[in-house]
Amino acid sequence: MVIRKSNKQSHSAIFKQIIIRCSSLGMKQGYDDGDYQLPIDVPKGHFAVYVGENRTRYIVPISFLSHPEFQCLLRQSEEEFGFDHGMGITIPCEEVVFRSLTNSILRY
(Lines give C-alpha, C1' and ligand atoms only; values in the text may rest on other atoms or scores of the structure.)
Protein backbone atom coordinates (compact mmCIF):
# COMPACT_ATOMS: atom_id res chain seq x y z
CA MET A 1 0.00 0.00 0.00
CA VAL A 2 1.43 3.36 -1.04
CA ILE A 3 0.47 6.55 0.73
CA ARG A 4 0.87 9.67 -1.34
CA LYS A 5 1.13 13.14 0.04
CA SER A 6 -0.78 15.74 -1.84
CA ASN A 7 1.21 18.65 -3.20
CA LYS A 8 -1.86 20.80 -2.91
CA GLN A 9 -2.17 23.13 0.02
CA SER A 10 -4.91 22.36 2.48
CA HIS A 11 -8.19 24.19 1.99
CA SER A 12 -7.73 26.02 5.27
CA ALA A 13 -4.30 27.31 4.19
CA ILE A 14 -5.70 28.48 0.85
CA PHE A 15 -8.67 30.17 2.54
CA LYS A 16 -6.34 31.91 4.97
CA GLN A 17 -4.24 33.31 2.11
CA ILE A 18 -7.36 34.53 0.33
CA ILE A 19 -8.76 36.17 3.41
CA ILE A 20 -5.47 37.91 4.13
CA ARG A 21 -5.45 39.20 0.57
CA CYS A 22 -9.10 40.30 0.60
CA SER A 23 -9.50 41.71 4.10
CA SER A 24 -8.19 44.20 6.58
CA LEU A 25 -6.08 41.37 8.03
CA GLY A 26 -3.70 41.85 5.13
CA MET A 27 -3.04 45.42 6.22
CA LYS A 28 -2.54 44.33 9.84
CA GLN A 29 -0.11 41.60 8.86
CA GLY A 30 1.82 43.71 6.38
CA TYR A 31 0.60 41.87 3.31
CA ASP A 32 2.00 43.49 0.20
CA ASP A 33 1.07 42.45 -3.30
CA GLY A 34 2.55 45.16 -5.47
CA ASP A 35 -0.09 47.70 -6.44
CA TYR A 36 -2.89 45.90 -4.61
CA GLN A 37 -4.77 48.27 -2.31
CA LEU A 38 -7.15 47.03 0.35
CA PRO A 39 -10.60 48.57 0.07
CA ILE A 40 -11.18 51.12 2.81
CA ASP A 41 -14.82 50.10 3.21
CA VAL A 42 -13.94 46.63 4.51
CA PRO A 43 -13.90 46.81 8.31
CA LYS A 44 -11.38 44.96 10.40
CA GLY A 45 -12.31 41.30 10.75
CA HIS A 46 -14.30 41.18 7.50
CA PHE A 47 -13.73 40.41 3.83
CA ALA A 48 -15.49 41.02 0.55
CA VAL A 49 -17.15 38.39 -1.62
CA TYR A 50 -18.93 38.72 -4.95
CA VAL A 51 -22.18 36.83 -5.36
CA GLY A 52 -24.61 35.98 -8.12
CA GLU A 53 -24.90 36.69 -11.78
CA ASN A 54 -24.32 40.42 -11.28
CA ARG A 55 -21.38 39.85 -8.92
CA THR A 56 -22.95 41.90 -6.12
CA ARG A 57 -20.39 42.70 -3.45
CA TYR A 58 -21.03 41.63 0.16
CA ILE A 59 -18.87 42.28 3.21
CA VAL A 60 -18.90 39.29 5.55
CA PRO A 61 -17.22 38.60 8.90
CA ILE A 62 -14.21 36.32 8.97
CA SER A 63 -16.02 34.21 11.57
CA PHE A 64 -18.07 32.79 8.67
CA LEU A 65 -15.02 30.72 7.74
CA SER A 66 -15.66 28.39 10.66
CA HIS A 67 -19.12 27.41 9.37
CA PRO A 68 -19.32 24.27 7.21
CA GLU A 69 -21.97 25.78 4.92
CA PHE A 70 -19.77 28.74 4.10
CA GLN A 71 -16.75 26.47 3.64
CA CYS A 72 -18.80 24.52 1.12
CA LEU A 73 -19.44 27.73 -0.83
CA LEU A 74 -15.71 28.49 -0.82
CA ARG A 75 -14.90 25.02 -2.17
CA GLN A 76 -17.47 25.53 -4.93
CA SER A 77 -15.91 28.91 -5.65
CA GLU A 78 -12.48 27.35 -5.95
CA GLU A 79 -13.75 24.63 -8.29
CA GLU A 80 -15.65 27.01 -10.54
CA PHE A 81 -13.49 30.15 -10.58
CA GLY A 82 -10.22 29.30 -8.88
CA PHE A 83 -8.59 31.69 -6.48
CA ASP A 84 -5.87 33.09 -8.75
CA HIS A 85 -7.66 36.01 -10.34
CA GLY A 86 -7.65 39.74 -9.70
CA MET A 87 -11.16 39.94 -8.34
CA GLY A 88 -12.01 38.92 -4.78
CA ILE A 89 -13.73 35.70 -3.90
CA THR A 90 -16.62 34.98 -6.25
CA ILE A 91 -19.35 32.82 -4.73
CA PRO A 92 -21.21 30.68 -7.29
CA CYS A 93 -24.78 30.90 -6.03
CA GLU A 94 -27.81 33.12 -6.35
CA GLU A 95 -27.95 36.17 -4.11
CA VAL A 96 -31.17 34.99 -2.47
CA VAL A 97 -29.52 31.73 -1.45
CA PHE A 98 -26.40 33.56 -0.20
CA ARG A 99 -28.45 36.01 1.90
CA SER A 100 -30.48 33.15 3.37
CA LEU A 101 -27.32 31.25 4.26
CA THR A 102 -25.58 34.26 5.81
CA ASN A 103 -28.71 35.13 7.80
CA SER A 104 -28.85 31.59 9.19
CA ILE A 105 -25.14 31.74 10.09
CA LEU A 106 -25.67 35.04 11.89
CA ARG A 107 -28.50 33.49 13.94
CA TYR A 108 -26.30 30.48 14.74
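**Reading aromatic pairs and a buried threonine**

Guide: Thr102 counts as buried because its relative accessibility is 9%, where buried means under 20% relative accessible area, exposed over 50% and partly exposed in between, with a 1.4 Å probe and protein chains only. This is a predicted model, in which local features need pLDDT of at least 70 and side-chain atom pairs count only at pLDDT 80 or more, while totals for chains, interfaces and linings use all residues. Residues are numbered from 1 along each chain as its sequence is written, and side-chain values use heavy atoms, with hydrogens and water left out.

Visitor: In which helix is the place of Thr102?

Guide: Thr102 sits in helix α4, helices being DSSP runs of H or I with at least four residues, and strands runs of E with at least two, numbered from the N terminus.

Visitor: How is a pair of aromatic rings described?

Guide: One gives the distance of the centres and the angle of the planes. Rings of Phe, Tyr and Trp (its six-membered ring) pair if their centres lie within 6.5 Å, and planes under 30 degrees apart count as stacked, over 60 as edge-to-face and the rest as tilted. By this rule there are four aromatic pairs. One of them, Tyr58 with Phe98, is tilted, at 5.1 Å centre to centre and 50 degrees between the planes.

Visitor: Which parts of the chain does this pair link?

Guide: Tyr58 belongs to strand β2 (residues 56–61) and Phe98 to helix α4 (residues 95–107), distant parts of the chain, 40 residues apart. Both Tyr58 and Phe98 are buried.

Visitor: Which residues form the aromatic cluster?

Guide: Phe47, Tyr58, Phe64, Phe70 and Phe98 form one cluster.
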